[in-house]
Amino acid sequence: MAELDRHHSQGYEQEGREPGGPLPHSREDFDVAAYVRRVRGGPCFVCAVVAGDPAYDFEQVVFEDDEHIAFLDRYPTLPGKVLVAPKAHVEHVVRDLDEEAYVRLMRTVRRVALAVEAVVPSERTYLLSLGSGQGNAHLHWHVAPLPPGTPYERQQFHALMTENGVIPWSVRQAAGLAERLRAALAGPAGTCFPEADEEELTGGGVNRVVRVGGTVRRPARRWTPAVHALLDHLAAAGFGGAPRAHGCDGEGREVLDFLPGEVPDYPLPPYAMADDALAGVGALLRDYHDATVGFTPPEGAEWYFSPRAPAEVVCHGDVAPYNCVFREGRPVAFIDFDTAHPGPRVWDVAYAAYRFVPLHDPGRDGSAPGVEEQARRLRVFADAYRLGVADRQVLAETARARLGHLVAHMRAEAAAGHEAFAAHVAEGHDLLYLTDSAHIARHEALFLAALSSEGPGGRVGMSAG
Ligand SMILES: [Zn+2]
């Protein structure tokens, strides 16, 4: 969201992968009849977990005190589902507990639910107690986190019924999840994470972004699950130039690692305008795009922007100085992946070139060099990206199309009542983009020539994959 969310999200340092890996979100068919036979004919599963029966290997215990036990649901319909039960074999949700015992159990349910919210991405938490005198009779409460962005028709009872499938997972993933939950539950009762002080990273605006210790917290949105899946993929692919995601916290905010470094703001400091920085961004963007090849978005993935054909890569959607972390003058990471969406490489490259060369109309303020220097820097950027011949030929027109898309989006959001976009339109940002687009159109032949001429590095057009 172009200039909307400046400063922002922030990424992370390279730690090891989460133990057990991310939890899958898709469901697989579940043999309900066999399950019913087991629970109605077999021993009490809660008592078995309390006794430490090793056959209950998915039912990893995440919390235990004298009276209560909390453990992972073996057949989760939602990722991160946990069961909380009294250790004693009691069956009725209210009649078998006196008031004090009931309240103590509810306190435990709340404490576990806060930990689940801290560890597992969710937009709501469902709490319910079912069971039956005829099966799964031992009183237990379900703590069920609803993943952000779940379509309405798949929420509530649909989300909870095993008839609609269960999450396929492994004991290893269960162990990883249990470890994170135990860590979240290790604090004093009634708290979840002993949170560090929060430091505001944005000056208000659309998203309140804060830093908490080594993490950044930003509001989770409907596209957050897709973005987190992308960030998980990048980490698994060994791409270090993006933050790692850690689900959501108890306040519904996404949790990302904070990436130390400098994020340049306008007017850009000299280090951000150096040729080395420009080439570094081109190379980093190429590495990022290459790392997204082979990424399969989660089923039903929602993105901020609609995917564009051909979906060669996952575009970042807002590659700009305000979304780039520098260390010692070198670009090392991109942040704020909110606008990521599948699309062609050149769609992202053209916008990044517009921002970093930059391709502003030099006449509009002092933010851009003269057009000859722009053409030279454009070539530096394209070469660093190793942009293909065909993409070079459409780079300038794609930059104009990208600006047109941005203006249309900004005006549509403003018309729909989005205050921040309305403010940008009121300040004339849309007209600035159109001024720049006209500038690019006027000098398209010059830019094309610079991109395609024989350069000192030899012929252009090394394959862009
Ligand atoms: Zn029991």
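Two strands are taken to pair if DSSP finds at least two bridges between them. In this predicted model, 5 strands form an open sheet on that basis, arranged in the order 1-2-3-5-4 with antiparallel pairing. Strand 1 (61–64) and strand 4 (124–128) stand at the edges and have a single partner strand each, so one side of each is left without a neighbour in the sheet. From one strand to the next, the twist averages 20°.

At the edge formed by strand 4, 5 bridges join strand 4 to strand 5 (residues 141–146), and these two strands run antiparallel. Within this part of the sheet, Arg124 stands opposite Leu146 in strand 5. Helix 3 (residues 99–119) lies across strand 1, strand 2 (68–72), strand 3 (82–86), strand 4 and strand 5, and runs at about 25° to strand 5.

Further along the chain, we turn to a pair of helices. Two packed helices are described by the angle between their axes and the distance between the axes. Helix 11 (residues 389–415) packs with helix 12 (residues 419–426) at an angle of about 120°, their axes being 7 Å apart. Because an angle from 65 to 115 degrees counts as roughly perpendicular and one over 145 as roughly antiparallel, helix 11 and helix 12 are oblique to each other. Their crossing is left-handed. Helix 11 contributes Met410, Arg411, Glu413 and Ala414 to the contact, while helix 12 contributes Phe421, Ala422, His424 and Val425.

Key
Residues are numbered from 1 along each chain as its sequence is written. This is a predicted model: local features need pLDDT of at least 70, side-chain atom pairs count only at pLDDT 80 or more; totals for chains, interfaces and linings use all residues. Axes are lines fitted to C-alpha atoms, for helices over the stretch in contact, and angles run from 0 to 180 degrees between N-to-C directions. Helices (H or I, at least four residues) and strands (E, at least two) are DSSP runs, numbered from the N terminus. Angles under 35 degrees count as roughly parallel, over 145 as roughly antiparallel, 65 to 115 as roughly perpendicular and the rest as oblique. A crossing is left-handed if the near helix is turned anticlockwise from the far one by less than a right angle, and right-handed if clockwise. Two residues are in contact if their C-beta atoms, placed from the backbone, lie within 7 Å.
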